[in-house]
Each structure stands twice: as structure tokens, then as C-alpha cells.
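Please open the structure in a viewer and keep the selection tool at hand.

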Amino acid sequence: MEELEILRRRLEREKLARQAAERIAEEKTLELFQANQGLEQRVQERTSELLAERNKLDATLRDLAAARDAALDASRAKSQFLANMSHELRTPLNAIIGLAEILLEDVSDLGDPTMVEALERVHRAGRHLLSIISDILDLSKIEAGRVELEVGPIAVADLVEDVVATVRPLAEQRGNRIVVQCSEDIGSMTGDAIRVRQSLMNLVGNAVKFTENGSVSIRAARLRKPDGDWIELAVQDTGIGMTPEQMSRLFGDFVQADASTTRKYGGTGLGLAISRRLCRVMGGDITVESLPDVGSTFTMRLPTSAPVGSEGVAVVLREPASLKPVSRAPGLAGPSSRTVLVVDDDPTVRALIERYLTREGFSVVAVPGGVQALQRVREIRPAAITLDVMMPELDGWTVLAALKGDPELSSIPVIMMTIVDEKQRGYSLGAADYLVKPVDRDRLLHVLRGLCSRPGRILVVEDDEATRFVLRRSLEREGWTLVEAENGRVALEQVAAEPPQAIVLDLMMPEVDGFEFLAGLRRREEWRSIPVLVVTAMELSEADRHRLDGQVERIIQKGAYERDDLLREISAIVAECIERSERP
Amino acid sequence: MKGIVFTEFLAMVDDRFSPAMVERILDGATLSSGGAYTAVGTYDYREILELVGRLSRETDLAPSDLVRAFGEHLFGRFVVGYPQFFTDVDDAFTFLQRIDGYIHIEVRKLYPDAELPRFECDLSQPGRMVLTYRSSRPFADLAEGLILGCVNHFGEALDITREDMAPDGTAARFLLAARA
């Protein structure tokens with residue numbers, strides 16, 4: 001074959017092959033173009049899918065945010081509701097407890113054990129309910145982030161002793177031994193004494209409650225750490241203990257170790273939850289170790305320095321002394337208008353009269369003979385004296401004569417009490433009254449009340465009728481004259497008609513409330529010095545306290561006090577204020 | 001079969017024998033492509049069998065020897081044309097192992113309709129490889145030539161033993177062992 005022919009053929013094949021290659025290239029280009037188009041379309045589809053997804057997510061986020069806001073609002077509303085409810089519940093409950101106490105005293109005298117038992121049950125149930133309501137209020141305040149800490153120095157050893165003293169009767173009743181070990185360097189800490197006490201009280205109270213015929217030991221130690229000193233309070237018992245499963249649920253709200261525990265031991269199950277949260281608010285914590293049937297150890301650790309808020313709880317630090325009284329002259333301990341000197345050589349009679357009178361609000365000093373009587377009368381300046389006639393050494397007549405012969409003492413009324421009916425002799429020697437033994441208790445009280453009536457009128461401003469009733473019964477028995485008003489407007493009218501010596505004021509009232517009443521009262525120069533005692537079941541905010549600061553003598557929160565404490569407080573402060581106002 | 005096999009075959013005939021030999025084997029052959037091949041095209045595999053047959057008759061060389069020789073030549077062209085498959089590979093066993101798992105996967109991305117043979121590797125015995133070739137086409141000889149080309153490329157001293165598993169050349173087992 002000729003070379004030229006070979007080349008021609010080869011060229012022909014190359015040409016065909018090139019054309020085939022070009023065709024293939026054309027096809028591939030088209031394929032690529034279509035693939036590209038397809039890709040673009042898919043990208044667009046995916047993009048719009050993603051956009052739709054994002055819009056959906058945005059909507060979900062908005063829904064979630066709205067749901068969260070609604071939940072927060074609901075939570076706030078719930079806390080507010082709980083706080084209001086607690087107030088609304090506490091007011092009538094205080095009245096129930098107060099009335100039960102009054103009835104109990106009256107019924108005790110009748111000697112009907114069934115009635116006494118029933119009333120004691122009413123009283124106990126009321127107290128229990130009150131403590132539950134306080135727990136719920138505490139919890140709602142913690143949850144609402146409205147815990148306010150009153151920070152001041154705390155002597156740790158004293159606080160421990162105080163708690164132990166409170167719990168000891170219950171411990172002994174359950175056959176438990178209490179051991180306290182307080183390290184020597186325990187010293188003091190800065191914190192809210194009431195909250196620390198409440199938390200420790202809860203731990204010790206639980207230990208005693210869940211232990212029978214065993215021991216409860218309280219160890220207080222000071223831990224020195226790089227971040228400062230800590231106080232560690234460990235409460236160990238030999239009680240029923242807990243399983244790990246029970247421990248894991250221990251600090252939940254309304255949770256006790258298990259439901260049967262609640263039936264057997266009572267309680268709301270809120271105490272521990274509250275205590276732990278309070279400790280955390282104060283920068284510390286409570287931990288627990290326990291073995292079933294061996295016992296439990298609860299350990300509370302708190303920094304000794306002033307606590308700061310934690311767990312998202314807003315903490316308002318308040319110095320305990322921020323509520324300044326209007327003004328108070330020092331050393332007002334003058335002769336007490338309610339002290340009775342009881343003179344009798346028979347210890348049984350002395351004890352009996354002392355009991356009667358103490359229960360009726362008198363303070364009693366009892367002495368066994370005339371010599372001691374003449375000594376003590378100068379020291380205590382009693383409001384009245386009950387004097388037995390037949391006594392060894394100095395007899396009653398001689399003592400009466402000595403008293404009446406002394407110009408300093410002659411004005412003190414003396415009630416002769418004797419089995420000898422010699423009224424005429426008694427009156428002629430200057431006795432205020434003459435009672436024949438056995439002494440009629442009611443007659444003695446009637447006479448003493450007449451002799452020891454308080455010099456002042458108290459205006460009670462309170463919208464709750466039952467609370468007014470309890471206050472009236474209690475204060476009248478203390479010898480006060482009462483004027484009542486059911487709201488601030490009526491109260492201002494009463495003050496205008498005749499200014500009282502003191503005012504006991506509720507804050508939450510219809511028409512004109514306590515705050516407005518105070519403002520009205522302090523506007524008039526001549527009323528400005530009338531002492532006011534606030535007694536309220538309301539939870540006071542920092543702003544409320546600020547408004548009351550310098551306006552009132554004292555704030556007493558119902559529910560936080562025993563009724564007896566409350567009455568003693570009212571009496572003491574009112575008496576003090578009246579005495580002060582009577583001084584030249 | 002990919003066009004590169006045909007263009008490389010004719011290039012080899014042109015080179016090893018003569019341009020006139022190319023014309024002789026094409027002349028009178030019944031090829032639907034007319035013998036005009038482009039590397040990017042795809043052609044009936046039977047055309048290569050016919051071309052090999054015609055070359056055998058022209059040269060008096062056995063078709064299997066010709067195909068094996070072409071396989072060795074083709075491997076050399078792969079080394080030049082597709083260097084990306086040879087980076088990080090230092091020995092024949094490693095390369096042969098990568099045919100099914102890597103090279104053929106890449107080929108399929110470019111030519112989705114390509115019909116590729118399978119190469120199964122068994123390395124259970126140290127220093128030995130058993131490579132099983134299976135195809136729908138009878139190219140065990142081509143596979144052998146490619147394996148030879150591979151071993152030569154890496155300059156290794158390996159004995160290659162072939163065991164046919166099918167009489168038509170669609171399956172064969174190759175034992176590669178270090179020369180004693």
C-alpha cells in the first residue's frame with residue numbers, strides 16, 4: 001500500500017473520530033448544562049425548604065417565648081396569690097387560735113376535761129395550720145425571688161443553745177438524749193439570725209421527730225477555708241434513717257421520705273425544702289447522709305461573711321435596726337401598775353393566788369411573812385397588796401398599820417385576806433377591801449381590776465371583727481379601756497373626738513387603710529406624739545417598711561408571734577408610751 | 001468498551017509493527033465504527049477481539065500473547081494519563097487492591113454506563129496476593145497483561161501464576177508471590 005494512501009485513510013479516520021469526539025463533547029456539554037440546571041433547581045428547592053423551616057423555627061421560638069412569658073406571669077401570679085391567700089387565711093386563723101385560747105382559759109376554770117381536751121385540739125390544729133401557711137408563704141416568697149434577709153451579727157453558740165432549749169421538751173417526751181458539741185473557736189457570723197435559726201430548728205426538729213429513745217447530737221464547728229470561714233452545723237440522729245432512694249427525693253417540695261412518713265409523723269414536707277433554699281440564698285447549703293435504721297446526719301454549711309443572693313433569688317439586705325422608733329426616753333422602768341404583792345405564810349395559798357393572778361395578766365411577787373413584805377414593797381411599789389392576817393412573827397394587822405403609817409406607802413391599796421371575819425377593824429385601819437377565806441377568785445379579780453385599772457384608752461383599728469374581739473378580750477383583761485374602729489376613716493373620727501393614749505393599727509383595711517390613717521394622724525401636730533403599734537398579717541415589702549419607718553413604735557406581724565407574746569408586747573409598749581407621755 | 005482501549009491498541013500496532021499493519025488489519029474488517037476511534041467514545045468490545053484476531057493472522061502471533069502485550073502497554077499509558085491514581089502508592093499489592101474500591105468508583109463517576117470487571121484481592125497469606133478477575137467479557141488475557149504492567153511499573157520481583165476459572169476467559173485467578 002502506498003504511503004500516501006495510508007496517510008489518506010488515516011486522515012479520514014481521524015476526521016471521523018474528531019467528529020465523533022465533537023458530538024460526544026456536545027452531548028456532554030448538554031448533559032452538564034442540564035445537570036447544572038437541575039442542581040440550581042434543587043438548590044432553590046432546598047433554599048425555600050430551609051426558609052420554610054426557618055420560618056417555622058422562628059414561629060416556634062416566638063410561641064416558646066410567649067409560653068415562657070405566660071408561664072413566668074402565671075408563676076408570679078401564683079406567688080402573689082399565695083402571698084395574698086396566706087394573709088387572708090392568717091387573719092381569721094389568728095382569731096380562731098386566740099378565741100380557742102380564751103375559751104380554753106375560761107373552760108379550764110369550769111373543770112370540764114372533755115371540753116378542755118376538745119379546745120386543746122382546736123388550738124393545736126389551728127397552730128399546725130398556721131405553721132403550714134407560714135411554710136407555704138415562705139416557699140412562695142423564695143420562688144418569687146422576694147426573700148429579704150435581715151443581716152446582722154449572730155452568736156452561733158447562743159443560737160444553737162436557743163434551738164436546743166426549744167426542742168428539748170419534745171426530745172425528752174420521745175426519750176431522746178440531746179448532745180451539743182460546740183467548738184471553742186465557733187465565734188460569730190454575719191447573717192439573718194431568724195433564717196439560720198429556722199433552718200437549724202427544722203433539722204433538729206426533724207431529728208427529734210424521727211428518733212425515739214435514741215440520741216440527737218448537734219456539732220457546731222468553724223471551718224477555715226481559703227475563701228473565708230464557714231460555720232458547719234451537723235445534726236446527727238439515731239433514728240429511722242433513709243434509703244438512697246428516699247434521700248434523692250428528700251429536698252423536693254411537699255415531699256417526705258415517703259407518703260407513709262406523712263401519715264405517721266405529720267408535717268407538710270416543706271420544711272427541708274425551705275431550709276435548703278434559705279441556706280442556698282444565704283450562700284450555703286444543706287447536705288445529708290443516711291442509712292436506714294441507723295440514722296441520718298444533716299449538715300448545714302454557711303459562710304460567716306454577709307450572704308449574697310444565689311439561685312436567681314433577689315436578696316434585699318436590710319440592717320435589723322432600720323426601723324427606728326419615733327423616739328424613746330431611756331430607763332422608763334417605774335412602778336408597775338400591774339404588780340401585786342401577795343403576803344401569806346401558807347405556800348399553797350401563795351401558789352394558788354399567784355397562778356390565778358398571773359393568768360389574768362398581773363405580775364405577782366409573793367412573800368411568806370410581814371418582814372419580807374415591808375422590805376419588798378419599797379423595791380417593787382406594787383399596784384396592790386393582798387395581806388393575810390394570821391401569820392407568825394409580824395401579823396397582818398401590824399403590817400397594815402406600818403404601811404398606812406408610811407406616807408410613801410400609804411396610798412397602796414391593801415386587800416385583807418383572812419379566815420377571821422373582822423371587816424370593820426380592817427376598814428378602820430385603812431384596808432381597801434376585806435375578803436374572807438376561802439377566797440372567791442372572781443371577787444378577788446374584780447377587786448384587783450378595780451384597783452389596778454390602766455390609766456389609758458387604747459384605740460384598736462382593725463377591720464376583722466374576730467381579731468378585734470380577741471384583742472378586746474385580752475387587752476381589757478390587762479386593765480385597758482378600749483375604743484374600736486373598723487377602718488382608718490372611723491379611727492380618725494375617734495381620734496378627733498377624744499385622742500387615745502395609744503393606737504393598735506392594722507394595715508390592710510377597706511376605705512382608709514393603715515398607711516393613709518397614719519398619714520392623716522401625723523398631719524395634726526397634737527396627734528403626732530400618740531404612739532402607734534402596727535399589728536398586721538400582711539407581708540411587708542421594703543417600700544412598706546420605708547413608709548412606716550419613723551412613723552410607728554413597733555411592727556408586730558401576726559402569725560410570727562405567740563398570742564401571749566403579742567399581748568405582753570402591746571401592753572409593755574403601750575404602758576411605756578403612756579408613762580412617757582404623762583411625764584412632764 | 002472505552003475508546004481509549006482502541007486508540008491505544010492501534011497506536012501500539014502502529015508503533016510496534018507499522019502504519020501499514022494498522023491499515024491491513026482495518027482493511028476488510030467488519031467494524032460498525034469503521035475503525036475511526038476517539039478516546040472519549042464507547043465501542044463494541046467485539047471490535048477489539050476482531051482487530052486482535054486480524055493482527056494475529058497477519059503476524060502469526062497467538063492472540064493471547066498479543067492481548068497480554070497490549071495489557072502491559074496499556075498500563076504504561078494509564079500511568080502517564082492518570083497520575084492521580086498513583087500518588088501515595090509504592091507497591092503493586094497496594095495498587096491492585098485499590099482497583100475495585102477506588103479507581104473503578106472514580107471511573108463510574110465519569111462514565112455511569114461503563115461495564116467494569118471486578119478484581120477481588122485476598123491478602124490472608126503474608127507476601128502473597130490472590131487476585132480474582134471476573135467480567136462479563138472475555139479479557140482475562142488483558143487483565144494478565146495489566147497485572148504484568150503493574151508489577152513492572154513498581155519494579156517488583158513477583159512470580160505470577162494464572163489459573164483460569166472459565167474456558168472463555170471471563171474469570172481467572174492470579175497468584176502473585178514474591179520470587180523465592
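The stops below visit a sheet, then a chain, then an interface.

This is a predicted model, in which local features need pLDDT of at least 70, side-chain atom pairs count only at pLDDT 80 or more, and totals for chains, interfaces and linings use all residues. Residues are numbered from 1 along each chain as its sequence is written, chains are lettered from A and ligands numbered from 1 in the order in which they are written, and side-chain values use heavy atoms, with hydrogens and water left out.

**The sheet in chain A**

Select the five strands of the open sheet in chain A, whose order is β16-β15-β17-β18-β19 with parallel pairing. Strands (E, at least two residues) and helices (H or I, at least four) are DSSP runs numbered from the N terminus, and two strands pair if DSSP finds at least two bridges between them. Colour β16 (481–485) and β19 (554–557) of chain A: these are the edge strands, each with a single partner, so one side of each has no neighbour in the sheet. On average, neighbouring strands of this sheet are turned by 20° against each other, direction ignored.

Next, select helix α13 (residues 465–477) of chain A, which packs on the sheet and touches β15 (457–461), β16 and β17 of chain A. The direction of this helix makes about 165° with that of β16(A); axes are lines fitted to C-alpha atoms, for helices over the stretch in contact, and angles run from 0 to 180 degrees between N-to-C directions.

Within the sheet, move to β17 (residues 502–505) and β18 (residues 532–536) of chain A, parallel strands joined by three bridges. Here A:I503 stands opposite A:V532 in β18(A).

**Chain B**

Now select chain B, which has six helices and four strands. From the N terminus on, its elements run α-α-α-α-α-β-β-α-β-β. Of its 180 residues, 44% count as buried, that is, under 20% relative accessible area (1.4 Å probe, protein chains only).

**Where the chains meet**

Show both chains: 15 residues of chain B are in contact (heavy atoms within 4.5 Å) with eleven residues of chain A. Between them the chains bury about 1,000 Å², 60% of it on carbon and sulfur atoms; buried area is the accessible area (1.4 Å probe) that two parts lose on being put together, summed over both. In chain B, select B:E23, B:A36 and B:T38, which lose the most area to chain A, together 44% of what that side buries.

Which side chains meet B:E23 and A:R13 in a salt bridge? These two side chains meet each other, at 3.0 Å, N to O.

Notes. Buried < 20%, exposed > 50% of the residue type's maximum accessible area, 1.4 Å probe, protein only. Salt bridge = Lys/Arg side-chain N within 4 Å of Asp/Glu carboxyl O.
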